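Welcome! Please take a moment with the sequence and the 3D view below, and then we can walk through them together.

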Amino acid sequence: GSSKVKRNKFPDIIFHDEFEAQDGKPAEGFKLSDFVPPGEDLISQLYKTESLFLTMMNKHFDWMHSVDERRHLYYNMLQYWHGVLKKYKPGIIIFLSVPHALFSYLIYELAHLLNIKTIVFDHILISDRSILYTDFRKDSMALQRALQRNQNKEFSPQDLEDDLREHYKLRTNPNYNNALPHLTEQLKEFTIVQRMLVKIKI
């Protein structure tokens, strides 16, 4: 969130409220007119992105029935985020989960178009572990290497690390009848910032 306390504590960081970003609103201190509208070349390069973006709007903007209205919002968000990335030229963009919100998905596609590196964490709900991707449409390279390395090998629960072994015991217990209750309760209390600070194992 972009509370006044956080802005005062970190004056050099630009905060953008998640819900405002999802609604297509610029971060505080910015205007859409600060950036150049997308040209025909940019729009044509992202024609697949546009199609998927308009479909994704069915969830958050289901009340917006007109295709023209949806395109207007898409072009505005494209103008803003393309302008932000071109202005600040990040070396890498980190996603805490597979980008599924409108703004995060658009940022992801723009990053790949502009040759900006991306890292995507996919939390798998086993302890504090995540799978790491650079492209969520492709398999995790680390996971693929591990699968190849361990192909045709036999393992026992004792070969697993402690947290994985506990998870295995829990899930293979015939009396177990609840979906990760400890994680469910824990995640309820986590804010987005707290999730960022969780130690991540890959």
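## Strands and how they pair

Two strands count as paired if DSSP finds at least two bridges between them. In this structure, four bridges join strand 1 to strand 2, and these two strands run parallel. Please keep in mind as you read that the model is predicted.

Strand 2, residues 117-123, also pairs with strand 3, again through four bridges, but here the strands run antiparallel. As a general point, strands of a sheet pair through backbone hydrogen bonds, in either a parallel or an antiparallel way.

## The chain as a whole

How many helices and strands does the chain have? Its secondary structure comes to ten helices and three strands. Starting from the N terminus, the elements follow the order α-α-α-α-α-β-α-β-β-α-α-α-α.

The chain has 202 residues, and 31% of them are buried. If you look at contacts between residues at least 6 apart in sequence, 61% of them join residues at least 24 apart. The accessible surface amounts to about 14,100 Å², and carbon and sulfur atoms account for 54% of that area.

The three strands make an open sheet in the order 1-2-3, with mixed pairing. Strand 1 (92-95) and strand 3 (130-133) are at the edges and have a single partner strand each, so one side of each has no neighbour in the sheet. From one strand to the next, the twist averages 15°.

I92 stands opposite K117 in strand 2, while V120 stands opposite Y133 in strand 3. Helix 6 (residues 102-113) lies across strand 1 and strand 2, and its direction makes an angle of about 150° with strand 1.

## Two faces of strand 1

Which residues of strand 1 are on its covered face, and which on its uncovered one? I93 and F95 belong to the covered face, and I92 and I94 to the uncovered one. In general, the side chains of a regular strand alternate between the two faces of the sheet.

L96 is found in the loop between strand 1 and helix 6. With a relative accessible area of 39%, L96 is partly exposed.

## Two loop residues with positive phi

Most residues other than glycine have a negative phi. With that in mind, have a look at N115, which is not a glycine and yet has a positive phi of about 60°. N115 is in the loop between helix 6 and strand 2. Is N115 buried or exposed? Its relative accessible area is 72%, so N115 is exposed.

N152 also has a positive phi without being a glycine, with a value near 70°. You can find N152 in the loop between helix 7 (141-149) and helix 8 (162-172). The relative accessible area of N152 is 77%, which makes this residue exposed.

## Salt bridges

The count of salt bridges comes to six. One of them joins the side chains of K31 and D34, at 3.4 Å from N to O. D34 has a relative accessibility of 38% and counts as partly exposed.

Which residues are linked in a network of salt bridges? They are R129, E161 and D163. E161 forms a salt bridge with R129, and their closest N and O atoms are 2.9 Å apart. This pair links distant parts of the chain, with E161 in the loop between helix 7 and helix 8 and R129 in the loop between strand 2 and strand 3, 32 residues apart. The side chains of D163 and R129 also meet in a salt bridge, at 2.8 Å from N to O. That pair links distant parts of the chain too: D163 is in helix 8, and the two residues are 34 apart.

How exposed are the members of this network? R129 is buried, with a relative accessible area of 11%, and D163 counts as buried at 16% relative accessibility. E161, at 48%, counts as partly exposed.

Key
Residues numbered from 1 in each chain as written. Predicted model: local features only at pLDDT ≥ 70, side-chain atom pairs only at ≥ 80, totals over all residues. Heavy atoms only, no water. Buried < 20%, exposed > 50% of the residue type's maximum accessible area, 1.4 Å probe, protein only. Contact = heavy atoms within 4.5 Å. Areas by Shrake-Rupley, 256 points an atom, 1.4 Å probe, with all protein chains shown as cover. Axes fitted to C-alpha atoms, helices over the stretch in contact; angles between N-to-C directions. Salt bridge = Lys/Arg side-chain N within 4 Å of Asp/Glu carboxyl O.
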